[in-house]
Amino acid sequence: MTTVHVDGAWAGEPNYGPGSRTPDGEQMLAGLAGTRKRLNGCAAAAYAALYANVDVITAYPIRPYTAIMMNLSQFVADGILDAEYFVADGEHAQLSAAFGAGSCGARAFTGSSGVGVTYAYEMYSIISGARIPIQMSIADRTLDPPGDFGSEHTDALCTRDMGWLMGWAATPQEVFDKTLIAYAIGEDPRVLLPQMVVQDGYFVSHIAGEVEMPAAGQVDAYLPPYRLPFPLDPRRPVSHGPQIHPSQGPPLQLERARAMEDAIPVIREKTDEFAVAFGRHYPHFVEEYMLDDADIALVISGGHSVTCRAAIRPLRERGVKIGMARLLWIRPFPSEDLRAALRGVKAVGVVETNLGLGGSTYGGILAPDVTTALYYAQTRPLVTSFMAGLGGETVPAAEFEWMAGKLTQALEQGHVEKAAHWVGFEE
Amino acid sequence: MSVRGTRIPPHLQLPIAGVTPPPTEKDGQRLFPTGNFRFYRPVYRDKTPPCNNACPTGEQIQKYLDYVKHERYLDGYVTIMQDNPMPSVTGRVCYHPCETACNRAAHDEPIGIRSVERFLGDYGLALPEDPIKGTLPPLNGTTVAIVGSGPAGLACAYHLRRRGYSSVIFEALEKPGGMLRAGIPAWHLPEQILDAEITKLTRLGGIDIRCGMRAGQDISWGELRSYPATFLALGQDVGRRLPVEGIEARGVMGALEFLREAGLGRPIKAGRQVLVIGGGNTASDAARSAVRLGGGEAIIASLESAGELLIVPEDLEQARDEGVAFAPNTSLVKVLSRDGQVTGAVVCDARLGKDAQGGVRPELVPGTEREVPCDTILIAIGQVQQLDWLPDHLSERGVITADQHGRVEGNVFVGGDVMRGPSMVVDALGDGKRAARDIDRVLTAQALEPEPEPEVMPYEGLNAAYFRHAPRTEALLTPAGERRRSQKVEVTLAYSREQAVAESDRCMSCGVCNGCDNCYIVCPDVSVMRDTRENGHYTIRTTYCKGCLVCVQECPTGCLEKVPEMDFEDPADVTRMETAFAPYDGAHAEQSAFTRQLIEETIAEYDAARTAPAGNGKPAAQPNGDAG
Amino acid sequence: MYHELTVWSRGIIMDKEARDVSSCIAAAARALGYYADNVSDYVDDPDRTNCLVRRYARFGDSPIVDRFVYENPHPDWVVLVEETIIKAVNFLRGTPERGGVVVVNSVRDPDYLLKFLPDEMKAKMAKFVVVDAVGLAEQRDRSPWMFVRNLSELALDRMSTEGAEERLAIGMGIAAPLIGALTAATGELPIDAVADQVADRDAMLRGAAKYAVVDFTAAAGEPARANGEQAEEPGPDGEAASVPATPAAHSTSAG
């Protein structure tokens, strides 16, 4: 059992000791160091939480993220991970408990999928406003209706404006890494924000890939024990989230807006630190693929980028000057990095694996953000978007080729046909 | 607009998510054929209830109890009549092997089947018109000879008539009925009931009873054999003689002769001190009749101990109530007489011994002789039949020998007491039924086959939790004092209608579907359908049934069984889906059509409501006359 | 060379068996240097007991472009973990004509099972293989529902069914003989290489040695039938006839 790691005497300054591991955990991680395991995205997230030595896990089952919690429950039951494993009566309670744990100074880990994410909605603003840097691991699932396990980014994107750091991982390895990176960013005293590490249900969560296992010491060095500057602690009582006067509202919200922007340099810093510590280099915000001389480009996030890359290669061989920009973070939205990445590109298509019903493009959620970012570019490219992979449908290489065709056509005609195309339902 | 120019292919159309035909409807089941989950399929397979199995006539007891339960008395009566031509008789005198076998005994007490049978039999006799007559086939011109108009002969004639044969019955006595009249006292079986049952049969047409025709005297073996087929059912009406000193004295009589004289209404007397020798039902009947006739006392002296007596328990108890005394383990040694008239008997202690052939061999205890005063002695130690008119090889020790089918030789069959030795009325009725079936077979050149082995439902096979405990309704008896006053007062009284219904309601319908609806109720998947009543009362929707077997588990009667799905060999009987989620290509389009139809209907209703004038809700169009 | 293996099974109670078959084949192919994917079931609600579920493996000598398709579009290897699936679904959807090797776990006669298949399904089969995997497996429990596993193992396995790491050894129970029969009947992968990936190696080899096969690719008229005796010494030589062609039609490029 355990574990808000509070060392030292009852009186006096709080002293947050370093997280300790169980002997079995030490032994297992020692054996894993330097090996490669075939893990799916869920197992990768669970292993990352194990390496991060989380203190409190709050769970409530919903496919597909369930496998993360099942894996963690096995770690806890087997004595490999010393953590409080808390099964809530619903996602709202799940997030509330994680919030409480984080408020007390515990490194808290939670997660959900689909309607589970939306059921907890009340808590998102509360947690980020209280600046409690818990982590939520989301495996995307289409919101009901219909009953559908398939990945659609709408569940997490619904919460995009709630003050959480939010980014998609495209492979199990990236899920593992991003879990550690996100904790490092969120827990940094300059940031103190909760994080959503999101992976596509099935495409990432349930298809295995190789994952490099680091040494426990590497992780401990990169991600030191969590220390909240203002924990709930009877030795030094503080009050969290009191009622305020309306006049206090604007400055408070301004602080929250600043926190998001202030996170940007820390994200760059922690990503670079990670590359030094683990030898794997990730772009700060935007992965650029064949963009250098590209005339047209697809902006995408999540697992479908794997197929997108595979589709671009033959297109390039056929002479189509196409590239891809993958968003590693969507909150804070990397407007500057995206403008830089797409400099010189003449037509941009945003791949929307989400549903923004009745929005400005009558398509998805991402395009308005991308379009706004590009509006401030020195030369504005044509922008359209593609509704694809909804309900979790696979986006095959052929559909990316079709998108490329639409972008080429827009380039030739000098204007886009419409703001959002429904892939598969148009000529 | 982003949806401009889009087109959804028909096979993928699904206009409103979540609106599909429910699986309770046939359309829904076609769209979600979860029958392919199934390893085992529930199958209704009726077994034989122990009562039906125990009844020699094979009465479908469970079935008519179910009819009575639902107050469908006519159906119940017709059901009995398929197997037993005289339920009013057996309803009174049967020794009810059915009740002895009844599974309900393991639960609380057996069902009072005989009383329900009597209720139905009397219901049938009271009908203004015989419901059986109209169902009979026309006569086929073949006449079968039957010797004896006892239960075996009458049953054979009846079942032959059901198959289109006519019959002629030769009866030795002056009235038909055999042992039913000559052996069973009127206080068990009133004469008018017996007469009514026999009349019911002769009115069917094609059954000709010729009384006063004794086989061997009035009709020869050769004449009998000249018929296309012959059924010998002459019973055993010759009492065994007891070879003791003084037995020829006046006042010593065979119990059978005594009962016959009484049954035929001939003048007969019994003294006030009656000694009955024997330990079976005849001894009991004779003693009880003697008590009624003479108004005195009777003692039944038997070799059998009290526990070995062959008298059915309820008769034993009734006899005691009527003042009949018992002297078990007692043998008659000598009859005492004065002027040729019995004055007493010498008896001694004895035990029932058996010889090598199973015959009775009394073991007397010397030195225990004592005198008993009496004025009448009735001998009831068994009976035989006079069979010397038959070829020697066809009989042995007073019975006619036959093969397992009751076939004597050629087209001659035998049944009842003359084949079995003394036995129950219902055995004779069963023999008659089987003989009629087998005679039909030999006359239509079919092979005789042994009865198929029935699968009898044991109590353990039922789901007993579904049957609340309820006591048996005992039939009321006439008070003993009143019974003693007359030969004609019936001992056992009939069930009222309410009693018959209540008692039938106790039936657990062992192994036979009785339409209790339990499977229909417990099925979590609406796969038990009662709209089509075949194979019992329900059908399983095999396209949808997932094989969870809850129905099998919860079937009270045990008529539902699980059968491995792969044992069903019909290739057409397969619930195959095109993919794991869709039964066939285009399923989505069907759902789409369903939803669109709902929407169109709603729009139509909405439009109809808007065209109606506000307020009174009457149609907008007014008759022309009002317009002017 | 490119193959798609679809393993049909029943939710929860036999999910492990199906996973093991696809895992071992994919792992063996990967170890042999092929591009290989082992894919869980995602569209069949695998948490529903008894419902049809699938596990997939695909492997070949060139990279797999569309890695994210849920269902194998053109399965040429098909395994039925349990015999009633014969009746339950069109398990040869997308299979090329005369291209499918179907392996069924059953004690019944192949012809009895074939009786339930319509002609259009039979036309897609190259070989129909019946192996008594329950009989050949290491018997640890008598339950016919869970084959050789007990309830507590099933409870643990539920987590792996949902996508968590495998708790139990991979390639135990009836999965082993099924893998053996599949490997021997298809002849594409060396039996030893596959056996290396299977926990119960002995049972795998028993399956490879004893199965009945109906060969639809036999030259004329009636399909050739063989049983365990002829299949006693499986190997690439004896199985040449059963190796399905690897036409371009197998390519998953959805162009």
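Me: Before we start, what makes a residue count as buried here?

Reply: A residue is buried if 20 or more other C-beta atoms lie within 10 Å of its own. Keep in mind that this is a predicted model.

Me: Then why is A:R141 called buried?

Reply: A:R141 has 30 C-beta neighbours inside 10 Å, and the cut-off is 20 or more, so A:R141 counts as buried. You will find A:R141 in the loop between strand 5 (135-139) and helix 7 (154-157) of chain A.

Me: Which residues does A:R141 touch, leaving aside those up to four places away in sequence?

Reply: They are A:R63, A:P64, A:S113, A:G114, A:F149, A:S151, A:D155 and A:G201. Another residue to look for is A:Y202: 61 residues separate A:R141 from A:Y202 in sequence, while their C-alpha atoms are 9.0 Å apart in space.

Me: And C:M1, why is that one called buried or exposed?

Reply: Exposed is the word for C:M1, because C:M1 has 12 C-beta neighbours inside 10 Å and a residue with 12 or fewer is exposed. C:M1 sits in the segment before strand 1 (2-10) of chain C. From C:M1 to C:Y112, 111 residues along the chain, the C-alpha atoms are separated by 33 Å.

Me: What can you tell me about chain C as a whole?

Reply: Chain C has nine helices and eight strands. Of its 255 residues, 59% count as buried. Taking contacts in chain C between residues at least 6 apart in sequence, 73% join residues at least 24 apart.

Me: What makes helix 3 of chain B roughly antiparallel to helix 4 of chain B?

Reply: Helix 3 (residues 61-69) and helix 4 (residues 73-81) of chain B pack at an angle of about 165°, with axes 7 Å apart. Angles over 145 count as roughly antiparallel, and that is why helix 3 of chain B is described as roughly antiparallel to helix 4 of chain B. The crossing of helix 3 and helix 4 of chain B is left-handed. Contact is made by B:K63, B:Y64, B:Y67 and B:V68 of helix 3 and by B:Y73, B:D75, B:G76, B:T79 and B:I80 of helix 4 of chain B.

Me: How many residues of chain A and chain C take part in their contact?

Reply: Chain A gives 25 residues and chain C gives 19. On the side of chain A that touches chain C, helix 3 of chain A gives the most, with five residues. By class, that side of chain A has 15 nonpolar, nine polar and one charged residues.

Me: How many residues are in contact between chain A and chain B?

Reply: Eleven residues of chain A are in contact with ten residues of chain B. The side of chain A that touches chain B has seven nonpolar, two polar and two charged residues.

Me: How do you know what confidence the predictor gives each chain?

Reply: Look at pLDDT, which runs from 0 to 100. Chain A averages 93, chain B averages 88 and chain C has a mean of 83. In chain C, residues 229-255 stay under 50, and in chain B residues 620-628 stay under 50. The model scores ipTM 0.85 and pTM 0.80.

Conventions:
Residues are numbered from 1 along each chain as its sequence is written. Chains are lettered from A and ligands numbered from 1 in the order in which they are written. This is a predicted model: local features need pLDDT of at least 70, side-chain atom pairs count only at pLDDT 80 or more; totals for chains, interfaces and linings use all residues. Two residues are in contact if their C-beta atoms, placed from the backbone, lie within 7 Å. Helices (H or I, at least four residues) and strands (E, at least two) are DSSP runs, numbered from the N terminus. Ala, Val, Leu, Ile, Met, Phe, Trp, Tyr, Cys and Pro count as nonpolar, Asp, Glu, Lys and Arg as charged, and the others, Gly among them, as polar. Axes are lines fitted to C-alpha atoms, for helices over the stretch in contact, and angles run from 0 to 180 degrees between N-to-C directions. Angles under 35 degrees count as roughly parallel, over 145 as roughly antiparallel, 65 to 115 as roughly perpendicular and the rest as oblique. A crossing is left-handed if the near helix is turned anticlockwise from the far one by less than a right angle, and right-handed if clockwise. pLDDT is the predictor's confidence in each residue, from 0 to 100.
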